[in-house]
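This report describes one protein model in plain terms. Please look at the sequence and the structure before reading on.

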Amino acid sequence: MEVSFGNRRCFVGAMVMGDEALLGAIPMEDMDLVVRPMTREVIANPYSPNIPSSLAKGMT
């Protein structure tokens with residue numbers, strides 16, 4: 001299924017159980033979203049507001 005948040009989107013597999021969805025860590029990382037604990041909001045990463053980005057681990 002396609003998941004979108006703001007101007008970002010990704011494709012993920014899903015299992016439907018009831019009428020609620022739980023967004024996992026992998027789609028959130030794909031879309032470069034962060035959680036603001038103080039306000040309990042999910043927002044686009046403020047350090048890359050226009051396009052999702054991530055760091056590759058193990059690079060030297």
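The model is predicted, so local features need pLDDT of at least 70 and side-chain atom pairs count only at pLDDT 80 or more, while totals for chains, interfaces and linings use all residues. Residues are numbered from 1 along each chain as its sequence is written, and side-chain values use heavy atoms, with hydrogens and water left out.

**Layout**

The protein has 1 helix and 4 strands, in the order β-β-α-β-β along the sequence. Helices (H or I, at least four residues) and strands (E, at least two) are DSSP runs, numbered from the N terminus. Of the 60 residues, 18% count as buried. Buried means under 20% relative accessible area, exposed means over 50%, and partly exposed lies in between (1.4 Å probe, protein chains only). The accessible surface comes to about 5,500 Å², and 59% of this belongs to carbon and sulfur atoms. Such areas come from the Shrake-Rupley method with a 1.4 Å probe; for residues, only the protein chains shown count as cover.

**Core**

The largest nonpolar core has 6 residues: Val3, Cys10, Val12, Met28, Met31 and Leu33. A nonpolar core is a set of buried Ala, Val, Leu, Ile, Met, Phe, Trp, Tyr and Cys residues joined through side-chain atoms within 4.5 Å. Leaving aside neighbours within four places in sequence, Val12 is in contact (heavy atoms within 4.5 Å) with Met1, Val3 and Pro27.

**Surface patch**

Phe5, Val35 and Val42 form a nonpolar patch on the surface, with about 220 Å² of accessible area together. Patches are made of residues with over 30% relative accessible area and no salt bridge; like charges are joined within 9 Å, and nonpolar side chains (Val, Leu, Ile, Met, Phe, Trp, Tyr) within 5 Å. Val35 is in strand β3, residues 33-36, and is partly exposed at 49% relative accessible area. Val42 belongs to strand β4 and is partly exposed at 34%. Not counting residues up to four places away in sequence, Val42 touches Phe5, Met28, Leu33, Val34 and Val35.

**Salt bridges**

The whole structure holds 2 salt bridges. A salt bridge is a side-chain nitrogen of Lys or Arg within 4 Å of a carboxyl oxygen of Asp or Glu.

| Pair | Closest N and O atoms |
|---|---|
| Arg9 and Glu2 | 3.2 Å |
| Glu41 and Arg36 | 3.5 Å |

Arg9 is exposed at 60% relative accessibility, while Glu2 is partly exposed at 42%. Glu41 is partly exposed at 34%, and Arg36 is partly exposed at 41%.

**Positive phi**

Most residues other than glycine have a negative phi. Asp32 has a positive phi of about 55° and is found in the loop between α1 (25-30) and β3. Arg40 has a positive phi of about 60° and lies in the loop between β3 and β4 (41-44).

Is each of these two residues buried or exposed? Asp32 counts as buried because its relative accessibility is 9%, and Arg40 counts as exposed because its relative accessibility is 76%. Asp32 has no salt bridge, and the nearest side chain of opposite charge, Arg8, is 4.0 Å away. For charge, Lys and Arg count as positive and Asp and Glu as negative; His and the chain ends are not counted.
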